[in-house]
Amino acid sequence: MDIKLIFEISREGRKGHVLPKLDIKQKSINELISTTYLRNSSADLPQVPENEIMRHYVNLSVLNHNVDKSFYPLGSCTMKYNPKINEQLSALSGFTQLHPGQPEETSQGALQLMYELQQSLLEITGFSAITLQPSAGAQGELVGLLLVKKYHESKNRKRTIILVPDSAHGTNPASARLAGFTIRTIPSGLDGTVDLIKLKESLTEDVAGIMLTNPSTLGIFEHQIAEIREMMDSIDALMYMDGANMNALFGIVRPGDMGFDVIHLNLHKSFSTPHGGGGPGSGPVAVNNKLKSFLPVPIVTKTGDNYSLDYSLNETIGKVSGYFGNFALMVRAYVYIRMIGKDGFRKIAEHSIVNANYIKSGLKDTYELGFDSNTMHEFVLSAEKQKMRGAKALDIAKRLLDFGIHPPTVYFPLIVKEAMMIEPTETESKEMLDRFIEVMKEIDTDIDKNLQKILDAPHTTPVGRLDEVGAARNLDINYFLKKS
Amino acid sequence: MAYLSNSELDFNEMLSAIGVNNFNELIKNIPEKIRFNDSFDIPEAESEFGVSKIFGKLAEKNENYVSFLGGGVYDHYSPAIINAIISRSEFYTSYTPYQPEVSQGNLQLMYEFQSLVSELTQMDVTNASMYEAGSALAEAILLSVSYSKRKKVLISAQVNPNYKRVVETYIENTEIDLVEIPKKNGITDVDILNDLIDESVGTIVIQHPNYFGFLESMENIAKLREDKKRLLIQIYDPISLGLLKTPGEFGADIAIAEGQSLGIPQNFGGPFVGLFSTTQQLVRMIPGRLSGVTKDVNGKRGFVLTLQTREQHIRREKATSNICTNSGLMALIAGIYLATLGKTGIKEVAELCLQKAHYLAEALTGIEGVKLVSSLPYFKEFTLELPIETDILMNRARENKIFAGLKIDQNKILIAVTEKRTKEEMDNLIKLFKTVILQ
């Protein structure tokens, strides 16, 4: 049965909430504000009692797949478990009720928390300065690239090109363009890492820098990173790291030590803050000394026991968010850091790498590997063989839904045909991984036995395959527009 | 340690199954010389109990006083149902709905959110959310310039300075020419705006009610669009639309707001949600996600992400924006808030704010030397000129556990009044003003 829209259960005269009574003498509205300023008719918002609203949302909630329900191996999304203590502590009223404009003397606890989070993230990544302001990874990318731009401008030179490998996240080229750069794509070599010869050919005097994900979206560690650094140094170009895959590196190698100049982190990936059905995220950007003076303002600083917001960086790129970034997510990430502690991070990387390799070894004889290289916390399978037998990556993905498992990221990275990108994370047990391997094998076997069942999948979800073309053609994105 | 699902025993079994002797074989392609062979200089792992103590202390170091702070972030009441709903794992531990068959809950709620905000603003369409108002405004300007193909953008001096700062960062590497329209009597000077307009102007940005609380001459400004080549971007306060004329009624092309007022905690500045609405004409250039109605193979109603060819994961550098992760859970809060307050509640909350703000402003301006910086109407917020230094007043208020408002300059203060402020709290502030000013 369809779940009705909130508008469809509305009835005139019903009420969902009672507001406080006015405790001062009421004046007529016209006396306070001329009618020319007032809207002509009320917004036709729903009229639903609280009980019905609650049921509406609860009934809708159970239609969602989520980490707390089952496996969510979406490659490059790091869908790890979100610890409940994060939620509990970020809800303390001493955090939630703070206004960003209240005097610093009255928000010392929040500033201390931000400062300590800054210090921890710098230690974990090996950089020297950081901003917590960006609201998501993509905004972190924009900040990082604006810093690169500013660096070259401060040296009075015009650099217009950003090199981006063909395996990069889609946000990378979009962010580079937003920062005013032109994108030059670098093809991957046979082992899935950057092709150094092609890189060298691309290295013209107008190159500002390179954006790399290391490990790449194929899960492969860019082992020639020192050589790339040397090539970039030869023209004083900078190295940007997309930190989406930080989970694989904790305690093993630090991006700052690897030679990167700037990184963005996703607190909603590696640092366990929940993804909220598509956000909010948090995308801090850490840099080395070359870029320190260009960071967005304010930065949280400490003098003695006093914490303050420092707006004094005079070469700053400015601000990318109205205030200081997504503070409530910083609380969660810092709770996580304190729970994991100094020795725990390496364990996270180790377990995430072993979990991914365990699935890979279980499936590599059934599905083709995108690239046959050592992989870290994620890897890419190709369903090319399965496609030839009748079931595409998309069909396999849809069939997985019937087993209560969220499919891997499909058709990405673009350089692998029929790609299925799998990232289990460290918070999945061996039994869950075994179950996934078993289901993936069963689907493969079923291609020859019962292909139609796969092509018609999913069968057990709240709805079947949806008409995406029809949705774009007969656009209905506003209930009220349709009505009028 | 916490959150690993496998034991060391499992770990070793898995290494054998993979066919390696030890973990290091799995990472042998990481060059030795760049490895980190130290331990992090961060504290040892804590227990939940231990961490609760630490964070409890940090939270206690912050002060929550009676607040008249506003300027874009407000102390409105958030109904209990909101927390009950957003605490459900099904909402907060799900991801972007890339597999619609198992994301119908989120997709339907995105559609409802888009519809609720569109109805509130009387705009044609609304996206599934932006991060917050500042970057939403920046993206609106980028959209407008790309649509109008005119580089000059006129922005009112009375727009929130924090948003302006974000806009400046976003447009730094474009050819956009941002020109400020000066103020007169606390609002945008329409005469000067009129003089500034020429063929090169493609965008006008106005905040109404403006940052200082006062109501703009929106109708006069809307006339200056003259033709469809020039777009009007209005920044609004969603609570104000319980009473005030809407961006849609003014004929705004893009309407932007900070959605924090709609039940989202102040959270020291984030996460919030940027509300982004446009006319039908601009829908194919709108940034971010959109949920649309469709049917499944059996003809049943369902929802999918639609018009995705605008987005970065398909279009890469040709995308209309780089936004990917947005502010889904905060949009969910805003949607629940609008559904819960409903048709009458949104009017009531707006009227409570209006009445109380006027009660307070009238009492304060009765004190000698205190006056409103404009003679024009205001909604829930207003700026006062003081006969003493703002800091002196604010410090005395703080000693009395009151945040009196935001400092505008050395003798001006911006005061916001929500439905949560009681007569007693306002009377205390009035008393304090009298004591400090008349002493």
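This is a predicted model: local features need pLDDT of at least 70, side-chain atom pairs count only at pLDDT 80 or more; totals for chains, interfaces and linings use all residues.

Author: Chain B is split into domain 1, made of 66–76 + 343–438, and domain 2, which covers 80–337.

Reader: How far apart do the C-alpha centres of the two domains of chain B lie?

Author: The distance between the C-alpha centres of domain 1 and domain 2 of chain B is 28 Å. To their contact, domain 1 of chain B brings 28 residues and domain 2 of chain B brings 24.

Reader: What area is buried between domain 1 and domain 2 of chain B?

Author: Buried area is what two parts lose in accessible area on being put together, summed over both. Here domain 1 and domain 2 of chain B bury about 2100 Å², and carbon and sulfur atoms give 64% of that. Of the area that domain 1 of chain B buries against domain 2, 24% is supplied by Val73(B), Ile346(B) and Phe379(B), more than by any other three residues.

Reader: How many salt bridges and polar contacts cross this interface?

Author: For a salt bridge, the nitrogen and the carboxyl oxygen must be within 4 Å. The rule finds 1 salt bridge across the interface of the two domains of chain B. Asp237(B) and Lys380(B) form a salt bridge, with their closest N and O atoms 2.9 Å apart.

Reader: Which element gives the largest share of the side of domain 1 of chain B that touches domain 2?

Author: H12(B) does, with 7 residues. That side of domain 1 of chain B consists of 17 nonpolar, 6 polar and 5 charged residues.

Methods: Residues are numbered from 1 along each chain as its sequence is written. Chains are lettered from A and ligands numbered from 1 in the order in which they are written. Side-chain values use heavy atoms; hydrogens and water are left out. Domain bounds come from an automatic or database domain assignment. Contact means heavy atoms within 4.5 Å. Buried area is the accessible area (1.4 Å probe) that two parts lose on being put together, summed over both. A salt bridge is a side-chain nitrogen of Lys or Arg within 4 Å of a carboxyl oxygen of Asp or Glu. Helices (H or I, at least four residues) and strands (E, at least two) are DSSP runs, numbered from the N terminus. Ala, Val, Leu, Ile, Met, Phe, Trp, Tyr, Cys and Pro count as nonpolar, Asp, Glu, Lys and Arg as charged, and the others, Gly among them, as polar.
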